[in-house]
Amino acid sequence: MEAKRIEDAFKNGKAFIPFITAGDQGIDKTEEYILAMRDAGADLIEIGIPFSDPIAEGIVIQEADLRSLEAGTTTDDAFELVARLRTKTDMPLVFMTYLNIVYFYGYEKFFSKCEEVGISGIIIPDMPYEEKDECAGIAAAHHVDVVSMIAPTSEERIRTIAADAKGFLYVVSSMGVTGVRSKITTDLGSIMKAVRAANSTIPAAIGFGINTPAQAAEMAKIADGVIVGSAIEKLIAQYGKNAAQPIYDYVKSMKDAVRSV
């Protein structure tokens with residue numbers, strides 16, 4: 001089944017983008033949980049390829065990575081997961097992983113495989129914008145968008161990154177690592193204003209710390225999409241191999257909140 005492009009996720013209003021670590025509870029369960037998220041209304045799904053030192057992640061996703069690695073999950077398993085999903089869904093799927101994984105797999109081999117299985121984009125949190133060209137050209141040759149991240153930094157840097165963005169822009173809501181936050185205090189309105197001024201066509205989604213429907217609705221007022229990861233991995237940690245229904249219910253509540261804006 002041919003995969004939709006990233007931009008398709010934003011064509012029917014505000015997008016809800018959940019994250020899940022591949023192989024946490026086993027690859028079969030990851031597939032089941034991704035399909036549950038799709039059925040609940042997710043527009044695009046980020047699939048984490050587990051890494052031993054995920055420096056952008058808080059404790060919840062760190063522990064998910066460890067569970068997955070201890071179960072023996074490999075990068076090839078993540079590709080196999082996507083290949084299996086492509087027999088059942090054409091929704092956009094994006095990898096999220098660290099540069100070490102891609103580098104040691106080999107840029108050409110990695111992005112060729114992404115094209116083969118139908119991955120639409122990749123997010124590499126530890127790759128500085130200035131080093132993006134190291135793999136962006138190879139990725140583009142295989143129709144994979146390297147998604148840029150924007151942190152609460154200087155307006156000049158925000159404009160530079162936004163102007164060059166592909167797929168969508170990942171706007172980081174808070175400094176620090178991923179994880180559930182009760183309150184988000186960053187001036188996201190001014191960040192989004194700078195993004196729009198630099199690039200009025202690229203969709204921008206906000207992530208890091210969002211976990212309640214109220215937060216999701218608040219973020220959707222100023223962004224094109226909302227990204228949630230730790231809250232979903234908390235459900236997987238809590239329910240293990242029986243997390244499909246809780247994940248479905250949670251994603252539906254978040255999508256309904258985003259859709260209500």
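Entry 1: helix 3 and helix 5

I began with a pair of helices and noted that helix 3 passes helix 5 in a right-handed crossing. For handedness I used this rule: a crossing is left-handed if the near helix is turned anticlockwise from the far one by less than a right angle, and right-handed if clockwise. The model is predicted, so local features need pLDDT of at least 70 and side-chain atom pairs count only at pLDDT 80 or more, while totals for chains, interfaces and linings use all residues. Residues are numbered from 1 along each chain as its sequence is written, and side-chain values use heavy atoms, with hydrogens and water left out.

I looked up the contact next: T75, F79, V82 and A83 of helix 3 make it with F110, K113, C114 and V117 of helix 5. Contact here means heavy atoms within 4.5 Å. I sorted these residues into 6 nonpolar, 1 polar and 1 charged. The classes are nonpolar for Ala, Val, Leu, Ile, Met, Phe, Trp, Tyr, Cys and Pro, charged for Asp, Glu, Lys and Arg, and polar for the others, Gly among them.

The axes of helix 3 and helix 5 (residues 107-117) come within 9 Å and cross at roughly 20°. That makes helix 3 roughly parallel to helix 5. Angles under 35 degrees count as roughly parallel, over 145 as roughly antiparallel, 65 to 115 as roughly perpendicular and the rest as oblique. The axes are lines fitted to C-alpha atoms, for helices over the stretch in contact, and the angles run from 0 to 180 degrees between N-to-C directions.

Entry 2: helix 1 and helix 3

I then went to the pairing of helix 1 (residues 27-39) with helix 3 (residues 75-85), where the axes lie 10 Å apart at an angle of about 45°. Helix 1 and helix 3 are therefore oblique to each other. Their crossing is right-handed. On the helix 1 side I listed I27, D28, T30, E31, I34 and L35, which meet D77, L81, R84 and L85 in helix 3. This contact divides into 5 nonpolar, 1 polar and 4 charged residues.

Entry 3: helix 2 and helix 10

For helix 2 (residues 59-70) and helix 10 (residues 230-239), I found axes that come within 9 Å and cross at roughly 50°. These two helices are therefore oblique to each other. Helix 2 passes helix 10 in a left-handed crossing. V60, I61, A64 and R67 in helix 2 meet S230, E233, K234 and A237 in helix 10. I counted 4 nonpolar, 1 polar and 3 charged residues in this contact.

Entry 4: two single residues

I found H142 in the loop between helix 6 (133-141) and strand 5 (145-147). H142 counts as buried, at 11% relative accessibility. Buried means under 20% relative accessible area, exposed over 50%, and partly exposed in between (1.4 Å probe, protein chains only). Leaving aside residues up to four places away in sequence, H142 touches E108, F111, S112 and E115.

I found A214 in helix 9 (residues 213-220). A214 is exposed, with a relative accessible area of 57%. Its C-alpha atom is separated by 39 Å from that of G137, 77 residues apart along the chain.

Entry 5: the whole protein

I noted 11 helices and 9 strands in the protein. Helices (H or I, at least four residues) and strands (E, at least two) are DSSP runs, numbered from the N terminus. Buried residues make up 57% of the 261 residues. Of the contacts with a separation of 6 or more, 74% are between residues 24 or more positions apart. Along its principal axes the C-alpha trace spans about 45 × 40 × 35 Å.
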